[in-house]
Amino acid sequence: MSFLLKNKYFQPLAIVFGCLLALSAARPARSQTVAATRYGMAAGLTNTAVLSALQLPNGEMLVGTQHGFFAFDGRQFLPLGPEQGLPVGGMAQAAVMTAGGDLVLVLLDRIYVAHAVTADMPVLGLHFVPVTAHAALSRDEFRKIAPWRGGLVMTDRDRLLFLHRVGGEDRIDTLESVLGLAEGTLTDVSALHAERDRLWLGTGGGRLCVLAGRSLHCLPVPALAPPRRVDAIAEDGRGVLYARTLRSLITADPARGTLRVEPVPHIGTQYENYQRFLTIAWTPDGKLMTQADDGELAIRTDDGWTMRMLDGEPIAAPLSVVLFDRQRNLWIGVPGIGMILTRGFGVFENFDRRNGLSGAIIWQMLRRPGGLLWITSDSGIDALDTAARRVVRAIPQAAFLIAADDRGRLWHDGPDYLARMDPATGLQQDYDMRRINKILPGREHDMWILSDTGAWRVDTARADTTPVPVPGMGGAYASGLIDRDGALWLIEGRRLLVRRRNGIVTVARAGWPKADFIPNLLAAQDAHTLWVTGQGGLYRATHDGDRITALTAFGPSEIGTDMTYAVLVDHRGWVWIGSDHGLALFDGAHWTRVTAADGLIADDLDQDSLIEDTDGTIWVGTSRGCRISCGPSSCGAPRRCGR
């Protein structure tokens, strides 16, 4: 879907409808959306009931479905079969790498292994051989598997089996027989986790036990909310253990002797028939993540739980796979859909209408110091408390523009008026003004209103202030900025004007090297540098105050397009450009592109839809909404935000 660029002064420019973040009034933001790409039958998965996934040493993703294994080559999934020594199809329960470098593929009642797999071996070039099961495999659809002591431990209904090498032969024996334990010692196991020489076991009755050597010790877990079965176990690298049941998360620190149980948020009945899919994953920044209902992901932080949901239509099926690859991308398996790939997880936070977004088309944003983030849209103006992640106020008035004066009052446009609103009292004063293109706070007690019918000025020191036309400024002004010296720079048609504080207006630039360039926005980088976006590309302009002394043009080779809609210079002096092809970032020496392929929720940005927040976060208005932290690795910036 596309709309016309808002600014009516220009020739119509196609722009996809855009949003950045707005949530319904007084409703907590339960989740943020994560941009996602879905791979199903069209991508080569002839069966979309995904059961398992593994990233191989060479970086390939290997996915198991109810009808065999598939390798992802970066574009599509290719099936494994007889050419690799495997049967056609079969329920592919798991793919596991052993400590010795063997790749083990576990089907419902058969196991295959390829030995000594290295990083230069594509999986389609491997040959797998069947493993002799000296302890015959059951048809266990709930099988759990963990690499341990150079082999694999696996559940097999009410017992544990061990895949290991004996005399150069791969064998499957009961773990009890291998360890010399009495028969019946290891039963009712529903979850496995191996850490060094220890093997942690979760049971169907809600126990959490550790096997070290030939000794089995169970922790005193309190009574759990039913069903009590433990389905996933993980360790955080510091010796703290986490175990997941359907409704609870158990945190155990054996070194300190502490154990606590807390509820997992947003859990109803969706996983009651699919508890075996429950898992614990670690985000790239080390936070615990697990599944919740309705396709959501629950992330545990120091401040509690936060939620993420996948972009697109709500997911009614359970998530069967949650896996971060070595490139920090998140892969999610969904039976009936296939595989979902999300890029930029933890760099981007995305919001859309499922979060309570008040409108689908978001324009300008305004951060009040120490206060709220105000957001304009075609459906209203929202005030977002970003700390609490909820909208605390909503004004049902469509708007493009928003600004604040020195008295804290908000100014915004409407279809045929200019409005001044006092957030403290809610009182609003409307002024009969049309075709407004920019609202600019001045350097003193003033506001500037730029429109198709001229420039207007407001004396904000007066309580009963009214916009008055500025003498000698009756042109059609598309946009403008006030620089640090108080000079007003203006776009009038294709001309760039500058108005000094003494009222003298000078034509700084009457035309551009590219005859078809139509400017639309300005940003000041320093006292002598402007950035000018528009139809036809981007210019960096050096000036001496009244005259442009140098121009540098940028186009598709740097920013991916010649249609630019937004420009921002952040506190480092880095330049962000928004276009119909995502974001482009210039650090003074190099350009970096950020698109949907990197996790941006959409590539199409809206006019004047970039702002830098007080903590260095960059808010981006796209066709579907997103927030991007400053300094993501995908942008080539330092990892830490702030000044």
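**Strands, rings and a cavity in a predicted model**

Strand 44 is covered on both faces: D446, W448 and L450 on one side and M447, I449 and S451 on the other are all buried. Buried means under 20% relative accessible area, exposed over 50%, and partly exposed in between, with a 1.4 Å probe and protein chains only. The structure is a predicted model, in which local features need pLDDT of at least 70 and side-chain atom pairs count only at pLDDT 80 or more, while totals for chains, interfaces and linings use all residues. Residues are numbered from 1 along each chain as its sequence is written, and side-chain values use heavy atoms, with hydrogens and water left out.

Strand 44 spans residues 446-451. Six of its six residues are buried, so the strand is largely enclosed by the rest of the structure. Strands (E, at least two residues) and helices (H or I, at least four) are DSSP runs, numbered from the N terminus. In a regular strand the side chains alternate between the two faces of the sheet. Strand 44 has partners on record here in strand 43 (residues 436-441) and strand 45 (residues 454-459). Two strands pair if DSSP finds at least two bridges between them. Strands 43 and 44 pair in the antiparallel sense over five bridges. I436 stands opposite S451. A hairpin of four residues joins strand 43 to strand 44. Strands 44 and 45 are also antiparallel, over six bridges. Here L450 stands opposite A455. The hairpin from strand 44 to strand 45 runs through two residues.

Aromatic contacts were examined next. A pair of aromatic rings is described by the distance of the centres and the angle of the planes. A search of the whole structure finds 19 aromatic pairs. Rings of Phe, Tyr and Trp (its six-membered ring) pair if their centres lie within 6.5 Å; planes under 30 degrees apart count as stacked, over 60 as edge-to-face and the rest as tilted. The ring centres of W148 and F162 are 6.3 Å apart and the planes stand at 70 degrees, so this pair is edge-to-face. W148 belongs to strand 15 (residues 145-148) and F162 to strand 17 (residues 159-166), so the pair ties together parts that are 14 residues apart in sequence. W148 is buried, at 2% relative accessibility. F162 is buried as well, at 6%.

F554 and F586 form a tilted pair, 6.0 Å centre to centre with 45 degrees between the planes. F554 lies in strand 54 (residues 548-554) and F586 in strand 57 (residues 582-586), so this pair links parts that are 32 residues apart in sequence. Both F554 and F586 are buried. Y39, F72, F77 and W331 form one aromatic cluster.

Rings also meet charge. The charged end of R276 sits over the ring of F142, 4.9 Å from its centre. The charged end of R276 also sits over the ring of F277, at 4.8 Å from the centre. A charge sits over a ring if NZ of Lys or CZ of Arg is within 6 Å of the ring centre and within 35 degrees of the ring normal.

The structure holds three cavities of 30 Å³ or more. A cavity is a set of points, on a 1 Å grid over the protein atoms alone, where a 1.4 Å probe fits but cannot get out; lining residues have an atom within 4 Å of a point. Grid points are joined across faces, edges and corners, and a volume is the space filled by probe spheres set on the points. The second largest cavity has a volume of about 70 Å³. Its lining includes T98, D102, V104, L163, H164 and R165. Strand 16 (151-156) and strand 17 are the elements that give two or more residues to this lining. Strand 17 gives the most, with three residues. By class, the lining has four nonpolar, four polar and three charged residues. Ala, Val, Leu, Ile, Met, Phe, Trp, Tyr, Cys and Pro count as nonpolar, Asp, Glu, Lys and Arg as charged, and the others, Gly among them, as polar.

G151 is one of the lining residues of the second largest cavity. The C-alpha atoms of G151 and G100 are separated by 8.0 Å, although the two residues are 51 apart along the chain. G100 is found in the loop between strand 10 (92-97) and strand 11 (103-107). G100 is exposed, at 57% relative accessible area.

Note on methods. On a 1 Å grid over the protein atoms alone, a cavity is a set of points where a 1.4 Å probe fits but cannot get out, and a pocket is an open set with protein on both sides within 12 Å along at least five of seven lines; lining residues have an atom within 4 Å of a point.
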